[in-house]
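Reader: Could you walk me through the charged pairs in this model, and then the pockets? I'd like to start with whatever the structure shows.

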Amino acid sequence: MPFGFTRSVLGTAASSSLAGQQVFTANGSFTVPAGVTEISAVSVGAGGGCLGTGSNRGGAGGGGGGLSYGTFTVTSGEILTVVVGTGGSGGANNLTNGGSGGSSSIARGATSLLVGGGGGGGSRSGTSGTNQSGTGGSRGTTTGTERDGGGLGGLGGNASYNSAGGAAGGGAGYSGNGGNGAATNSNLSGTSGAGGGGSGGTVISSGCGGGGGVGLLGEGSSGSLPVAGRGGNGGSGGANGSIGNSASTGGLYGGGGGADDDDYVGAGGAGANGAIRIIWGAGRSYPSTNTGDV
């Protein structure tokens with residue numbers, strides 16, 4: 001390892017260095033290393049969970065987490081508060097909505113510097129109609145006083161009656177939104193991710209995929225919408241979503257949880273957790289300037 005560089009550390013701040021990075025997958029704090037006066041960071045919110053299924057009700061998919069990035073001035077030795085969102089749980093049955101994903105944030109005192117909002121949970125199905133408007137989980141948002149860019153999470157696919165429900169939305173991109181989850185046996189309305197985001201999941205008559213996640217190493221290729229009956233493809237190196245009975249989970253980071261067909265009786269899929277990554281060093285900044293590990 002070159003002189004003056006540090007390794008990436010999970011959960012504790014690195015020592016004095018010329019360049020380095022730190023990934024958070026749980027709540028913690030970041031102490032700015034000695035000699036560092038500027039950092040760049042990305043914050044990804046968690047995906048929302050899916051409504052449970054059964055009794056001819058196909059659940060609505062969860063929404064993907066939002067992404068916020070920025071480069072800003074800091075003071076050596078100051079401590080920033082880091083909160084990492086937890087994925088929304090799947091609803092236990094067809095009467096239980098999916099849980100919302102938690103927001104991920106970096107804060108200085110009471111000021112939120114970067115916030116990737118959590119995706120919304122899928123809502124309860126009605127007793128008639130396919131592709132029931134507005135039931136899919138909402139998009140995770142992108143905010144913060146030091147935000148330079150970022151996208152919204154993908155929408156969850158809608159619930160249906162007497163048909164498969166909704167796949168999940170993908171995690172947001174760096175310069176575009178996560179893809180939307182498809183819905184119903186006809187696999188309607190799913191989209192690819194944009195700006196490095198994950199795609200939505202797709203649907204067949206026996207299952208609805210989780211949303212693709214988004215990676216933390218900077219903007220890369222967007223996740224393309226897969227063929228019917230797949231979890232969404234990850235963007236920027238993020239993980240793909242999965243598909244299966246109550247196992248249609250979102251991909252890391254920020255993918256929403258998918259549903260199942262209306263004949264399966266059980267829980268919905270859970271959304272993926274969020275994450276935060278902080279980098280520092282000359283000429284390093286999100287979304288894509290020397291953002292790889294050193």
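**Charged pairs and a pocket**

Author: Glu 78 is buried, with a relative accessible area of 18%, where buried means under 20% relative accessible area, exposed over 50% and partly exposed in between, using a 1.4 Å probe and protein chains only. This is a predicted model, in which local features need pLDDT of at least 70 and side-chain atom pairs count only at pLDDT 80 or more, while totals for chains, interfaces and linings use all residues. Residues are numbered from 1 along each chain as its sequence is written, and side-chain values use heavy atoms, with hydrogens and water left out.

Reader: Where is the place of Glu 78?

Author: Glu 78 is in the loop between β6 (67–73) and β7 (79–83); strands are DSSP runs (E, at least two residues), numbered from the N terminus.

Reader: And with what is Glu 78 in contact, leaving aside its neighbours within four places in sequence?

Author: Those residues are Phe 30, Thr 31, Val 32 and Arg 108, with contact meaning heavy atoms within 4.5 Å.

Reader: How many salt bridges does a search of the whole structure find?

Author: The search finds two, a salt bridge being a side-chain nitrogen of Lys or Arg within 4 Å of a carboxyl oxygen of Asp or Glu. In one of them, the side chains of Arg 108 and Glu 78 meet at 3.0 Å, N to O. This pair links distant parts of the chain, 30 residues apart, with Arg 108 in strand β8 (residues 104–108). Arg 108 is partly exposed, at a relative accessible area of 31%.

Reader: OK, what about Arg 277 and Asp 293?

Author: Their side chains also meet in a salt bridge, at 2.8 Å from N to O. Arg 277 lies in strand β14 (residues 275–280) and Asp 293 in the segment after β14, 16 residues apart.

Reader: Is Arg 277 buried or exposed?

Author: Arg 277 counts as buried because its relative accessibility is 1%, whereas Asp 293 is exposed, with a relative accessible area of 52%.

Reader: Switching topic, how much space lies in the largest pocket?

Author: About 150 Å³ lies there. A pocket here is an open set of points on a 1 Å grid over the protein atoms alone, where a 1.4 Å probe fits, with protein on both sides within 12 Å along at least five of seven lines, and lining residues have an atom within 4 Å of a point.

Reader: Which element gives the most to its lining?

Author: That is β4, with three residues.

Key
Helix = DSSP H or I, 4+ residues; strand = E, 2+ residues; numbered from the N terminus. Points joined across faces, edges and corners; volume = space filled by probe spheres on them.
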